[in-house]
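I opened this notebook page to record a look-up of charged side-chain pairs. The entries follow the order in which I consulted the structure.

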Amino acid sequence: MMASTAQVAYPLNELLDGFCAKGMADDITVNGLSIDSRDINDGYLFVAVQGVTNHGKCYIPQAIKKGACAILIDTQEETVQSAAPVIAIDNLQCVLSEIAGRFYQHPSSKVPIYGVTGTNGKTTCSHLLAQCLSVYEGKCGVMGTLGYGVISSSSANDEQLTTTGMTTADPISTQKMCADLLLDDSKAIVMEVSSHGLQQNRVENIDINTAIFTNLTHDHLDYHGTMQAYGQAKSRLFEMQSVTNTVINQDDKFSEQLAEKVNNNTRLITYSLSNNISKYTQSFAHFSFEEPVFSSEGVASVLNTPEGKFPITTKLVGAFNLSNLLAVIGALYANNYSVEKIVKSLPILKSVPGRMELIPNTLGFQVVVDFAHTPDALKSALEALLHHQHNNIWCVFGCGGDRDADKRPKMASIAEHLADHVVVTNDNPRKESPQNIFADIQQGFSSEHTIIESRADAIAHAIKSANKDDIVLIAGKGHEDYQILGSEKMPFSDQQQARLSLGNREQEVVL
């Protein structure tokens, strides 16, 4: 269980020094701070900023009722009447990370911080890197899509994580989580850094020293608008003053723009699955794999490094996981871990929940659960499975509602091209009609496919229909243990449903 940060009373005038006029915050002591009025306690500072749907100023009365000692608001907002002092701050969203950093005593400055960004692979890279670091250092903190917590050398990725509901939390929560992880004796912290988090300054005052780029593919255009804007948001990680090591995937064309942003004082590490030579002359080191052999046990290959060639084995599945491994290896090497030491830790790495996760059974075929919810991720997952011995591949997938609709027909085309049987079903339809989502998906098909609205029934259908040596890929939700139908979040797990369906079929075989 995560340790909770010890609360330290902080004079508000010191906390806001340089951000507001002197005298505005005198004689006030802050016991905590939050952007969520529900988390306010006596003596807390309530920060009223724009949320996903509403502005925090709408909840000032609730915050005061719960004991808020003062309110922070941006100077651009209209004057707010309040029973507690209201202090206006210029560019509040931009400086909130620094204010929170002061309150929690700048925890990110005390241990190495690794930041991983990219459309796909952030969670896998983060957890694999944290597993390696736990082997070397004893404990490593991890923060991201699956939650935050400590991974220790004795438990690997079996630790229970505290969920946060997002990949990169708000600036206050991010600083607090760093402080919590240090309190639990983490010797390093690995965090996923989303484009939303970068765009919204959530990690502005986090001292990330190693920045890792996996890839940039079609996603989040409903928020960023264009791929160019999406890429620019990702680039902000590599422009942070604290970054001293940059690790980039040169197989992705966006890496060229990132390489240009690396200054002379930053070490550039590159990696590639397709080329054993870095194409960037300023590269400090380059890593690649050659002659990979895929089996039901994982992958064996040869690692090309600045220190020579090393044979490696891993229990992970698929070529894209080799790319994730290269990112991890590059990040460790940049922080002065020897290749020999790194290679010894690779065979013990475990797959991340919901990321190419194998569901065991006795029926002679493989069932894999993966978070693939973008065209590129689905393509990578299916191509990874094609490398492994199989008969037919079944693909169960859907697309989320009230989100980017452009990817729907693209995912259908990819599934049709790479899988032998495709079953389209609900993902998180939210408030959008499932039939509308299915209609968009169907535009990408040119041949026969199956639509089963109920996700449970769709998974059961694929598992009941699969034969020996087939592979069933259940894509889209991965680690998620819920499904959003309308405005309700209903309990649902692809893993549990797969186990139930497998159990039913195994029982039929016995009977």
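I began with D180, which in this predicted model is buried, with a relative accessible area of 1%. I then looked for its charged partner and found K176, with the closest N and O atoms of this salt bridge 3.1 Å apart. K176 counts as partly exposed at 23% relative accessibility. I noted that D180 and K176 both belong to helix 5 (residues 171–183), where they are four residues apart, about one turn of the helix.

Next I searched the whole structure for such pairs, and the search returned 15 salt bridges.

I turned to E77, one of the residues involved, and recorded its salt bridge with K57, for which the closest N and O atoms are 2.9 Å apart. I asked which parts this pair ties together. E77 lies in the loop between strand 5 (70–74) and strand 6 (86–89), and K57 in the loop between strand 4 (44–48) and helix 2 (60–65), so the bridge links parts that are 20 residues apart in sequence. I checked accessibility on either side: E77 is partly exposed at 26% relative accessible area, and K57 is partly exposed at 29%.

I then examined D469 and K468, whose side chains meet in a salt bridge at 3.7 Å, N to O. That distance falls within the 4 Å cut-off. For K468 I noted a relative accessible area of 58%, which is exposed, whereas D469 is partly exposed at 38%.

Conventions:
Residues are numbered from 1 along each chain as its sequence is written. This is a predicted model: local features need pLDDT of at least 70, side-chain atom pairs count only at pLDDT 80 or more; totals for chains, interfaces and linings use all residues. Side-chain values use heavy atoms; hydrogens and water are left out. Helices (H or I, at least four residues) and strands (E, at least two) are DSSP runs, numbered from the N terminus. Buried means under 20% relative accessible area, exposed over 50%, partly exposed in between (1.4 Å probe, protein chains only).
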